[in-house]
Amino acid sequence: MARGGRRRYDEVDGLLLLNKPAGMTSNRALQAVRRLLNARKAGHTGSLDPSATGMLPLCFGEATKVSAFLLDADKTYRVTARLGTATSTGDADGGETVATAPVPELSFDEWDRILQGFRGESLQVPPMYSALKKDGKRLYELARKGEVVEREARPIRIDDISLLEAAGTRLVFRVTCSKGTYVRVLVEDIAKAAGTVGHTARLHRESVGPFRATEMVDLAAVEALAAKDREALRAALLTPDVALQGMAAVEIGTEDGAKFCGGQCVTGVPAENAGTVRVYAADKVFLGVGELSEEGALAPRRVFKASEKTL
């Protein structure tokens, strides 16, 4: 504890893929792990609703610099929909029932055909119960007052959608989608396509960008490891560049590495992987993210404090 009663935090760098439990906001989950690590700087990438569970990438220290890249990443969800009942929030988390309708008796294959109709690019109107802003106010704040305002449709992309279960009013499917996709709206649209109404009963995020479900850690396990050995917990954090595996990697020499880290453009870099790239020093130390032109000019985009990581 620092002088004056203020807590003194440590410089902690790395990523932790938390399996967020239900009933906890994303920020509350972040702060819980931050205290366990005693990390000074922390952030999360892509909020999950309190009732939702699953992957919540938590970034600490230097790893907060990859947040923007993960926010843009595709995500995979396991979705349980309840058909025949629509709620004001689009999910089961405190929403009032606003409509009911009979559920058609469709076969598994018929439901699957409906789902496949949502693959590809489309426009989606965001829900009123969302954190988007209208004239400086959050939409959910307006919705709680009973207000409904016009929302502009936004482009989304469904890369894959597969039906897992269809029984009565219960529909379970897995979907891989682009950033900005509201699964609650997708469920409502699927129900509408089948001639009924519906809402999201359960939502579990299985992946974000390059990260998969097997890499997630439960909060209870994080708490247990922190109580036993905080340093071991810190050592288990992923390095920031693990979040950037979709980018090509380039290696530059010691002198160019110093220039890059100083914010200067480096020239003469092989340009077969022109575009946004991971940048490493000759000793495999991760330096940051750069923009490589077709002429071989490498401009710093995000510079990271040196951390060892193999290419």
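The cover over the buried residues of helix H3 (108-116) includes E4, E10, E11 and H5. Here, buried means under 20% relative accessible area and exposed over 50%, with a 1.4 Å probe and protein chains only; helices (H or I, at least four residues) and strands (E, at least two) are DSSP runs numbered from the N terminus. The model is a predicted one, in which local features need pLDDT of at least 70 and side-chain atom pairs count only at pLDDT 80 or more, while totals for chains, interfaces and linings use all residues. Residues are numbered from 1 along each chain as its sequence is written, and side-chain values use heavy atoms, with hydrogens and water left out.

On H3, the buried residues are Trp111, Ile114 and Leu115. Because they cover an arc of only 100° around the axis, they lie on the same side of H3; the arc is taken from the directions from the helix axis to the C-beta atoms. Asp109 and Arg113, both exposed, sit on the face of H3 turned away from its buried side.

A nonpolar core is a set of buried Ala, Val, Leu, Ile, Met, Phe, Trp, Tyr and Cys residues joined through side-chain atoms within 4.5 Å. H5 contributes the most, with five residues. Among the 23 members, Phe173, Val175 and Ile190 touch the most others. Beyond its neighbours within four places in sequence, Ile190 is in contact (heavy atoms within 4.5 Å) with Trp111, Ile114, Leu115, Phe118, Ile161, Leu171 and Phe173. A second, separate core has 20 residues, including Met55, Val66, Phe211 and Val289.

Turning to open space, the largest pocket has a volume of about 1400 Å³. A pocket is an open set of points on a 1 Å grid over the protein atoms alone, where a 1.4 Å probe fits, with protein on both sides within 12 Å along at least five of seven lines; lining residues have an atom within 4 Å of a point. Of its 47 lining residues, Ser47, Leu48, Asp49, Tyr182 and Arg184 are closest to the centre. Strand E12 (198-208) gives the most to this lining, with six residues.

The second largest pocket has a volume of about 220 Å³. Its lining comprises 16 residues, with Ser88, Pro127, Met128, Tyr129 and Arg151 closest to the centre. H5 gives the most to this lining, with three residues.

Note on methods:
Grid points are joined across faces, edges and corners, and a volume is the space filled by probe spheres set on the points.
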